[in-house]
Amino acid sequence: MEKSLFSPNWYRAQDARPCLRSHARIHRHHYRGQLWYVLQDRTSGRFLRFTPAAYLVISLMNGQRTVQEIWDLSCERLGDDVLTQDEMISLLAQLHQSDVLRGDGIPDLAESSERARREGRRKKIMGLINPLAVRIPLLDPDRFLAATMPAIRPLMSWVGALIFVAVVASAAVLAGLNWPRLTNNIADRVLAAESILLLLLTYPFVKAIHELGHGYVLKRLGGEVHEMGLMFLVFLPVPYVDASDTAALRHKWQRALVGAAGILVEAFLASLALFVWLNAEEGMVRAIAFNVMLIGGVSTLLFNGNPLLRFDGYYVFSDLIEAPNLGSRSNRYLGYLIQRHLFGVEHPEPPATAPGEARWLIFYSIASFCYRIFIMTVIISVVATKFFVIGVVLALWAIVLMLGVPLGKQLRFLFTSPVLRRNRRRALGVTSGIIASVVMLVMLVPLPYSTVTEGVVWTPDESTVFAGAAGVVNELIAQPNAYVAAGEPLIRLQDDFLDARVKVLEAQAAELRLRYAARDTFDPAEAKMVQERLQLAEADLDLTLERQRDLLVHSETDGRFVVPRAADLPGRFVRQGEVLSFVSKQEDSVVRVVVPEDQADVVRNRVRSVELKFQNRVTMTVSAEINREIPALSNTLPSLALSTLGGGEIVLDPTDTNQVRTISRLLHLELKPASTEHLPAMGSRVYVRFTHGAEPLALRLYRGIRQVFLRRFNV
Amino acid sequence: MSDVSGSWTLPPLVYHPERPERREGWVDRLEATVTAWPVVVRARLGDPRVARLVASVNALEDQHLNMDEHALQTSTEALRVRLRRDGFSLDAVAEAFALVREVSRRTLGLRHYDVQLAGGYAMLNGMVAEMDTGEGKTLTATLTAATAALAGTPVHVVTVNDYLAKRDAENMGPLYKALGLTVGTIVHGLQPPQRQAAYGCDITYTSNKEIAFDYLRDRIALGNQPSSLARKLKRVQGSRQGEGTVMRGLKFAIVDEADSVLVDEARTPLIISRETPPDREQQWAETSLDLVKQLEIDRDYKILRTERRVELTRAGRDRLAGLGDELGGIWRSSVRREESARQALTALHLFQKGDHYLVQDDKVQIVDEYSGRIMADRSWSEGLHQLVEAKEGCTVTGQKVPMARITYQRFFRRYQRLAGMTGTAREVSRELWAVYRLPATRIATNRPTQRRHMRTRILKSAELKWQAIAERAAELSAGGHAVLIGTRSVVASETLSELLTDAGLEHEVLNAAQDKHEAEIIAKAGELGRITVATNMAGRGVDIPVDERVLEKDGLHVILSERHDASRIDRQLAGRCGRHGEPGAVQAMLSLEDPLLELIYPFIIRWTSALPRYCRNPVALFVFWRAQRRAERAHSSARRALLKQDQKLGDLLAFSGGLE
């Protein structure tokens, strides 16, 4: 917008005789070579930053001059930099809102108390919106800090700095040397329940020392600390100090040092903890030391020291690059760029930028957004694996706050902002264009497409070892998992009844044989009868003997003797024909896979390659090919290991009492792995990935919708 | 009933009572939107107490009928005490209404109908009473005003113009006087002492403009701090601030034509200003105009007509810089120089004589685009007026620098109790609730209306329309009717007037240029065979007496030559006929070239125009309906935006005590 010099509201302001309250102090700062004036309100701890032009105006406020006189004077002195009347009014309003302005009139108490009430309510609402970052001020540590200063002061000197460098450097070397010991199985160690408890107990103490670090450094540099309290970061009480006095420090290195003090203290603590950890015996002390290192290291690296999140690192960073208020300004700057270049707004309000700052702002805006999303995703996924409900709640909260709210604001801006009055069509066009192209990209560009399902390792039928006869397993003759040759006995079954029956039949045959021998030659008919009965008894005996022989189970092929649940087998009764064990030739092993009905079509018709992954060796993949396909879909499973009962993913029909039928229908495939070397044992579950080449998302979506329609409406 | 201990405690005396400005957050706005529905529905269903009230009043009627003057006076005195003590309890109100009715019958010869009692009661409860046009709103208001005044509340009866204020105060005066109440009238041109006296009366009749300006002047006198404490402190300091105020605060207002004042004119800014030295302004304005006459359109500046503003290009600015350097002085400052140039270009290209202003007696007079009236004593701000004066070669006057400003919207929200009456409220009832917390209730008509609505004619072009209107007027006039033709703008009324003159038809024109004869023209508009052309300013509160002979021939015939931005205004104009249950007829004659249709995509109009005759009419009617809806919405959201903006401005200006 082009600036208009005059304001229709000027008459309301012109007669006021403002002056600054005595508690307001103004500091001169340089940011990126530009002069700024920072006004500090010593009662509220607020800071306002002004340009030299605004500073001139403020300096003219002496309680005697009217606003009109001040403006006239500033017009004479400032030339083209003159503040417009509207800008004057905003400046006065800003000062008034910060309670640093004193007028000549009777103060409007109702107005200021209303303002205070509103501010209080706003804070409360912020607390509600963001319940994880509530601050409870508790005490004024200034006197404590002053009293203990003599003890701490020697540390904040060149000698102290040398000691610090020596300790941290040696700790860093030691940490490097002991790296494997330190990081071995770190996730399990950290997430163990007692470890978390200890971490929760240690954390506030470490942070308290950290915060005191800020306090001491600030005090040493001449600032004051008047508030200390508790903050709840993700429900975890963490102490904080109000170090807003830092902004009054003149040199950026001083400001950065106050910001970095916490990190330095933690680094020092972590170094000391490392020494303890290396030298202490296993026990409580060592565990605490480990946790201190963890806090000092991980939390500093990922959170506190990281400039992309609004913690200490951010303030240090923004002080060092001389870009105060980096976070919000970077977002505004990005918005400005979008308005100007994408939406074609001719004179968007440019956020004040110093030379060379633009790059930082763009970088910071994008990087910090991505990092915040990343950190949030990590936190949520870690929490969700342990406490699902909390994880979901956190995720919703994060989505609303980090995506929903900004998105809503953007949409509102797009549709209602007066800035876009003339360019709304273009802005909407550009926005929908970008969204459309992203959607197009996602929908139309072919993306790798695959189906992942589960299978079990299986052996072809012929090498299954069946029980030749019913009986109780007596012993395993061959050792399980041993290699056996064809014809080698594997398992001995025992059937006492069969033995008895052999005896009976033998006796019967013997009797008949005797009767035949003692036959009456004169009665050929009877002789014939006895002979017939003898033949019958002998045949019976042969049969029974054969069944007895069958009690010894032999291997039909060469291979490895595989007995599922070998220890359970002896003493168990088995029926004839029951599967007892397997003799597996490794190269013969196949993988039987079931594919849900939805995916059956693509798996049947469009498979480029098949890969297997094993549960016990997640990093290894083995390629495979489809060996056999059962042409119909069925409701059975090759192995219960694939069902949810067995730890798989297929849901069984709960109404089926035998628990073998599945709810949905499945396509059965048999895969032949390219190599069987690392194939897990018979019956193990494997993951199978069918790659279908690349396909755009749109087609997949279409197929999915088609299937839904087919299923629900038969169209 | 209140007990004895509390019964004689009078309400606390408050210096300049008014409702403090509430700062509305989004919760308040949400609440207003949500509660609007139930409130509107409830108000529509009517108050169950009304039937009881009417019954009690009627019951008391006989008793009062037989009282002599002295007895009436005594019971009035007793009633005053009772009202003051008990407040507006149903019984007390019933007694008051009965009394007012009786006194009215005796003094004015007018007896309030039952529906008027209902209307009066609604207003006493802080509602807007929607009563059909011609149902005697003026008389209804006496019930409320007198009751409130008897209870000791200063009452302001706010009308839309001085004429109505004066007329109503005069007509109703005897009634109030008989009740022992004083009545004051505020019209334009009164001096402060007279105003103070008028505001000191129990009941004050005034126009919305006068009262708002009086309020503003008081605020200036009080130094923006109407609090008693502040005033006392000032006095201790020896300041004479706060003297010379005329009003007693904002206690209770009855707003006549509530929708017009509270909604249509809500955005009108009322500004009190002082003047800067004219010679300096003349020099500045002439230099500015000279400067921009050296600029070239499109190269040096662009005119954005839709937004009504001018934009300087880079080339234009450079050129101005060069020219400014030669001139020196304030022209050296780029901000001031470019500001002046933009204003000068705006004056040259965006303000047209006839449309936006008229030149009369060496003066530039602003024409209100809304009503077509000349806004006397109004001027544009930031030097624009001076530039237009210089452009037209008039004497350049001093610039008016605002000293205080308010909108009706903000002003009426400050009343502690607000009531209204109008013929047309239902369209804006939700807005009345959201903004003023005024529920609108419908009051039944006393006698069934005999107004006939004739088929709307929609013609293809404006020319055809005016022709058709002229023919129709001639036909009706010859047939012994009286015709009132409503137009939207002064220009339209003049176009029509020319056509009528060409056709040799005698007629009267009532528009901005001639509003001095307003009352006279209105008085004659109902005569046999008379044709009157009026801009929509004639639509409100005007009671056109219709000749007996005309009434025999189905009454006054109103022709609406255009639809207005709000259907309420059309209904108001239609309400000029068929008043008090008399016969009357209304017909709209529109064209597809009417300005209202600019809100609709042109291709839709073209399609409509291309339709065959028999289906064009319904489609065109729908298109008009859409356009009207759109215009109403746009106005409504503009009013909402203004309210929000005012609030923001108040926050911004908090350091100087906020807005007036």
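Me: Which residues does B:Asp162 contact, leaving aside its neighbours within four places in sequence?
Reply: They are B:Val187, B:His188 and B:Ser207; contact means C-beta atoms, placed from the backbone, within 7 Å. This is a predicted model, in which local features need pLDDT of at least 70, side-chain atom pairs count only at pLDDT 80 or more, and totals for chains, interfaces and linings use all residues. Residues are numbered from 1 along each chain as its sequence is written, while chains are lettered from A and ligands numbered from 1 in the order in which they are written.

Me: Why is B:Asp162 called partly exposed?
Reply: B:Asp162 has 19 C-beta neighbours inside 10 Å. Buried needs 20 or more other C-beta atoms within 10 Å and exposed 12 or fewer, with partly exposed in between, so B:Asp162 is partly exposed.

Me: What makes helix 23 of chain B mostly covered?
Reply: Of the 8 residues in helix 23 (residues 567-574) of chain B, 6 are buried. They are B:Arg568, B:Ile569, B:Asp570, B:Gln572, B:Leu573 and B:Ala574. These buried residues pack against helix 12 (258-264), strand 17 (482-487), strand 20 (556-560) and strand 21 (583-591) of chain B.

Me: How do you know that strand 9 and strand 10 of chain B pair?
Reply: Pairing requires at least two bridges found by DSSP. Strand 9 and strand 10 (residues 363-367) of chain B have 4 bridges, in the antiparallel sense, so they count as paired. Within this pairing, B:Gln360 stands opposite B:Lys363 in strand 10 of chain B.

Me: What is the strand order of the open sheet of 3 strands in chain B, and which are its edge strands?
Reply: The order is 9-10-11, with antiparallel pairing. Strand 9 (357-360) and strand 11 (374-375) of chain B are the edges, each pairing on one side only. Helix 16 (residues 384-392) of chain B lies across strand 9 and strand 10 of chain B.

Me: How many residues of chain B are in contact with chain A?
Reply: 22 residues of chain B are in contact with 27 residues of chain A. Helix 15 of chain B gives the largest share of the chain B side, 4 residues.

Note on methods
Helix = DSSP H or I, 4+ residues; strand = E, 2+ residues; numbered from the N terminus. Contact = placed C-beta atoms within 7 Å. Axes fitted to C-alpha atoms, helices over the stretch in contact; angles between N-to-C directions.
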